[in-house]
Amino acid sequence: MDFNELYNIAKDTLNPRELSKSSYAGSVAAALLTDKGNLYKGVCIDTPCSMGFCAEHAAIAAMITAGENRIAKLVAVSSSDGIVPPCGRCREFINQIHEENRLCEVMLKDKVVKIDDLLPYRWK
């Protein structure tokens, strides 16, 4: 699967909506492809008190639930900003799920980079 397909899947997964008076979901969607060729998707959940999580975390949780942990490609899409890079917390999370995820390719607006490029000075 190429990045254009992965991007379109993430874009089609967007579903911004209000969950409650103070919580929202779906304004960012992520799609990832594992080293085994399996696809996982997720959306963000925004809540007060930092209890929500990013779309990348949701996609990774689905992947882990299915028994995998090696990410080959990832793209996240915002309903308002288009393609967005993973935040620092997501970059670190991706890196910690499997040692080789530092080689995971991430689609940015103008190029594809590796997590290693986005997180060059890891704490370990």
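Strands here are DSSP runs of E with at least two residues, and helices are runs of H or I with at least four, numbered from the N terminus. This is a predicted model, where local features need pLDDT of at least 70 and side-chain atom pairs count only at pLDDT 80 or more, while totals for chains, interfaces and linings use all residues. Residues are numbered from 1 along each chain as its sequence is written, and side-chain values use heavy atoms, leaving out hydrogens and water.

Strands pair if DSSP finds at least two bridges between them. β2 pairs in the antiparallel sense with β3 (residues 39–46) over seven bridges, and Tyr24 stands opposite Asp46 in β3. β2 also runs antiparallel to β4 (residues 71–78), joined by seven bridges; there, Ala30 faces Ala76.

## A turn to look for

Between β2 and β3, the hairpin has four residues, and Gly37 takes a positive phi near 85°.

## Two helices side by side

Now find α2 (residues 55–65) and α3 (residues 88–97), whose axes come within 10 Å and cross at roughly 15°. The axes are lines fitted to C-alpha atoms over the stretch in contact, with angles from 0 to 180 degrees between N-to-C directions. α2 and α3 are therefore roughly parallel (an angle under 35 degrees).

In the contact (heavy atoms within 4.5 Å), Glu56, His57, Ile60, Met63 and Ile64 of α2 meet Arg89, Cys90, Phe93, Ile94 and Ile97 of α3.

Terms used: Parallel < 35°, antiparallel > 145°, perpendicular 65-115°, else oblique.
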